Amino acid sequence: MEKSKVLIIGGTGYLGKRLVKASLAEGHETYILHRAEIGVDIEKVQMLLSFKEQGAHLISGSFTDHQSLVKAIKLVDVVICAISGVHIRSHQILLQLKLIDAIKDAGNVKRFLPSEFGTDPARMEDALEPGRVTFDDKMIVRKAIEDAQIPFTYISANCFAGYFLGGLCQPGKILPSRDSVVLLGDGNEKAIYVDEDDIAMYTIKTIDDPRTLNKTVYLRPPKNILSQREVVETWEKLIGKELQKSSIPKEQFLASLKGLEYAEQVGLLHYYHVCYEGCLTNFEIGNDAIEASKLYPEIKYTTAEEYMKRYL
Ligand code: NDP
């Protein structure tokens, strides 16, 4: 079967650049939207040029120019969007509504993967304000996709390992301490951590796979389903030393949000749902969804322990 041509939007981003790499590695003709708005951001431009050297095509376009998006989309079969969605960095999830309008007009897209790559927003109906904005916006995008009958795959990637393993599941930290750690509650709720390069590879595997059409794909690498305590133990084993442990009870964690910046509150509430409520693991995958490590057993994913070795 001929491999789909892929357009990646947000190809310079934290996840997007990995999607470009995985798409090229899997032999897809890969197009990247090059937005005039990046201006003189030399790092982004150099990154785009290096992708071009590796065989990607750069296509000029802008979210403020509908026809430019339509033109870019017409070149490909599959569109993957990795536009920003982390409030402390940038949150542009609803801009995808413009992309959906362009996909509708282009009329040729066989699969669209919106910028999701986290907690399944459909399971977050009871999420707390203001953190729920991420899930609400992602659901608005899903509704627009489904109303327009655009074929889709939603990737629920769970926790990016760099944020969660790097910081031993502590918000605001992305490097592991060798001395101490604060446990969220009893530290026993299980979460799921996935190497960002593996997220990109699983994502690319889904795009030509009929089994993932109009489905949510959960990434649940079995060895990476761990509680915060287990993450800490893994690190302790690697450094050969026990960390000093303290704990924040749930009520104290929630009270500590008062008066913080909006973006910080959003991020902290995501940690709340993952680490106090176990929102990533407290459900079975239903019939309308599918698990990636079972679909693609040939992918040798990075285990949490392997990932954490990079911090030694
Ligand atoms: P980034 O913050 O790295 O941004 C990605 C890209 O968004 C940028 O490179 C840029 O693309 C594009 N972008 C930013 N602002 C605009 C704008 N105004 N107009 C158009 N494009 C814009 O994103 P991440 O990789 O951090 O996030 C990608 C997805 O992953 C999001 O859905 C996010 O919620 C999710 N995520 C999940 C995490 C988890 O732990 N599960 C953690 C972090 C993110 P360009 O300049 O190339 O056009």
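Author: Gly16, Arg18, Leu19, Val20, Ala22, Ser23 and Leu24 of helix 1 are buried (under 20% relative accessible area; exposed is over 50%, partly exposed in between; 1.4 Å probe, protein chains only). Bear in mind that this is a predicted model, where local features need pLDDT of at least 70, side-chain atom pairs count only at pLDDT 80 or more, and totals for chains, interfaces and linings use all residues. Residues are numbered from 1 along each chain as its sequence is written, and side-chain values use heavy atoms, with hydrogens and water left out.

Reader: What makes you say helix 1 is largely enclosed?

Author: Seven of the 10 residues in helix 1 (residues 16-25) are buried, so the rest of the structure largely encloses it. Its cover includes strand 1 (6-9), strand 2 (30-35), helix 2 (42-53), strand 4 (78-81) and helix 7 (196-206). Here contact means heavy atoms within 4.5 Å; helices (H or I, at least four residues) and strands (E, at least two) are DSSP runs, numbered from the N terminus. Just after helix 1, glycine 27 has a positive phi of about 80 degrees.

Reader: Why is serine 156 called buried?

Author: Its relative accessibility is 3%, so serine 156 falls under the 20% limit. Serine 156 sits in strand 8 (residues 153-156). Beyond its neighbours within four places in sequence, serine 156 touches Gly118, Thr119, Asp120, Thr216, Val217, Tyr218 and Leu219.

Reader: How do you know that cysteine 275 is in no disulfide?

Author: The whole structure has zero disulfides. For cysteine 275, the nearest cysteine sulfur belongs to cysteine 169, 5.1 Å away, whereas a disulfide needs a pair of cysteine sulfur atoms within 2.5 Å.

Reader: What places arginine 35 and serine 115 at the ligand?

Author: A polar side-chain atom of arginine 35 is 2.4 Å from a ligand oxygen, and a side-chain N or O atom of serine 115 is 2.7 Å from a ligand oxygen. Taken alone, the ligand exposes 920 Å², and the protein buries 88% of that (Shrake-Rupley areas, 1.4 Å probe; for residues, only the protein chains shown count as cover). In total, 30 residues surround the ligand, the closest being Thr12, Arg35, Arg89, Ser115 and Asn158 (a heavy atom within 4 Å makes a residue near).

Terms used: Polar contact = N/O pair within 3.5 Å; in protein donor to acceptor, adjacent residues only side chain to side chain.
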